[in-house]
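Hi there,

Here is the structure I promised to pass on to you. Have a look at it first, and then read my notes below.

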Amino acid sequence: MVQGKLEGKVAIITGAAAGLGEGIAETYVKYGAKICMVDLDPNVDKTADRIRGMYPDAQIITVVANVADKQQMIDAAAKTKEAFGSLDVACCNAGVCRLAPFEEMTDETRDFHIDVNIKGVWNTCQAAIPYMLEEGKGAIVIASSVTGDIVADAGEAAYAMTKAALVGLTRCLAVEYADRHIRVNCSQLGYARTPMVEKMAVESNPEDPESAINDIAVGVPMKRLAKPTEVGELFAFLGSDEASYLTGSQVVIDGGSTLPETMSIGTN
Ligand SMILES: NC(=O)c1ccc[n+]([C@@H]2O[C@H](COP(=O)([O-])OP(=O)(O)OC[C@H]3O[C@@H](n4cnc5c(N)ncnc54)[C@H](O)[C@@H]3O)[C@@H](O)[C@H]2O)c1
């Protein structure tokens, strides 16, 4: 049954074919939003069908587009407005991560992260904001990370740099649009099991990627990774009117992973 937190809202969600974007899309539909699922991967249609299977009343369109291409994002936002009559929420979720030792990381790999993780969010915001200004209100939720702004592991230079940059973008857009009633917040996730994290596990431990994933949970006080729909719940809150006084916030969602000072001291 549809519950109404996002009833009447129209959201564009990038990177919605898999992983967190899929969880965000499912949660947005659960709360009554009409959604445009954007992804580079044409399988986004299959993901939309899966969600329609769970919620037969779901109102979903899909667009195959690259967030790094500004015109494609302008077109995706226009299609959303055309299909549903407004564009109220932008979930800037699409992102990439490739690990490499810094001294071996190519400029191409660096620029790939900048193009998708920074320019992709930039393009999504620039495509969506004109419709929000037209409506006189809106909400943007940006997928930053604990990585870069708070913590980092070796090999994540390009990823960490780009994810930290999104905190700056969040703060500036929050200030710039506050008096025009567009709220801008970012999520800072620890780890969820998604295709991205499965790929990182292979890059970290090619012989036994499963143990690399299990070992992530060891360092998390809650002893588990997040589920994509748990991240979806945060995106739903930040995109809803329940978050009406939140802007410029960085919301850490990490099962406590950034809290411990050591792995050896303490009574546990
Ligand atoms: N999974 C985690 O633990 C984690 C932690 C912190 C932050 N994040 C961030 O959350 C977001 C989603 O991560 P995920 O783990 O679901 O990733 P994922 O790789 O599992 O899924 C990403 C989706 O985005 C799509 N995509 C990639 N590049 C695109 C592009 N240029 N244009 C359009 N779509 C594109 C992919 O096709 C895929 O469907 C990313 O921004 C990531 O940095 C993830």
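At 1.5 Å a residue, the 29 residues of α4 should span 42 Å, and its end C-alpha atoms are 41 Å apart, which agrees. The expected span here is 1.5 Å times one less than the number of residues, and helices are DSSP runs (H or I, at least four residues; strands are E, at least two) numbered from the N terminus.

A word on the source: this is a predicted model, where local features need pLDDT of at least 70 and side-chain atom pairs count only at pLDDT 80 or more, while totals for chains, interfaces and linings use all residues. Residues are numbered from 1 along each chain as its sequence is written, and side-chain values use heavy atoms, with hydrogens and water left out.

Helix α4 bends by about 35° at Lys 119 (the angle between axes fitted to the seven residues ending there and the seven starting there). Just after α4, Gly 136 has a positive phi of about 80°.

Elsewhere, Leu 259 lies in the segment after β7 (250-253). Leu 259 is exposed, with a relative accessible area of 68% (exposed is over 50%, buried under 20%, partly exposed in between, with a 1.4 Å probe and protein chains only). Its C-alpha atom is 9.9 Å from that of Gly 219, 40 residues apart along the chain.

Enjoy exploring!
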